[in-house]
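Colleague: Could you take me through this model step by step, and tell me how each term is defined?

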Amino acid sequence: MIKNFMKGKNMRILSLIFMLTTFLLAGGVLTHELVVPNMGCGGCAKKIKRVVEGNYTLISMDFNTTTKDVNLTMPSEIDINSVIKTINDAGYKARLKEKQ
């Protein structure tokens, strides 16, 4: 039974849980707020998510297409400027949201 459990999707889930637990216990997680002015719809959000997740391991990524905000929670080792460049290379105009 355990042998079958450790295959495919279950193994990926266990790996993800282990990775997230490691980052959380190490305190190496940051949340960044971005604004993407030309993200006009859910399709744009899906494309941004696909492009970012294809290049980086994130913990979460949330979108608000009304306010054009994107919240990224990711390991602190990932350079947010390289993530922003990846989004911009996909045709969007991402930048860090200014603190008010």
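Predicted model: local features only at pLDDT ≥ 70, side-chain atom pairs only at ≥ 80, totals over all residues.

Modeller: Residues are numbered from 1 along each chain as its sequence is written, and side-chain values use heavy atoms, with hydrogens and water left out.

Colleague: Is Val-83 buried or exposed?

Modeller: Val-83 lies in helix α4, residues 80-89 (helices are DSSP runs of H or I with at least four residues, strands runs of E with at least two, numbered from the N terminus). Buried means under 20% relative accessible area, exposed over 50%, and partly exposed in between, with a 1.4 Å probe and protein chains only. Because its relative accessible area is 0%, Val-83 is buried.

Colleague: Which residue of β3 is the bridge partner of His-32?

Modeller: Strand β1 (residues 29-35) pairs with strand β3 (residues 69-75) in the antiparallel sense over seven bridges, where pairing requires that DSSP finds at least two bridges between the strands. Within β3, the partner of His-32 is Leu-72.

Colleague: How many residues does the largest nonpolar core have?

Modeller: Such a core is a set of buried Ala, Val, Leu, Ile, Met, Phe, Trp, Tyr and Cys residues joined through side-chain atoms within 4.5 Å. Among those with the most contacts inside the largest one are Leu-72 and Val-83. The elements giving two or more residues to this core are α3 (42-53), β3 and α4. The number of residues in this largest core is 21.
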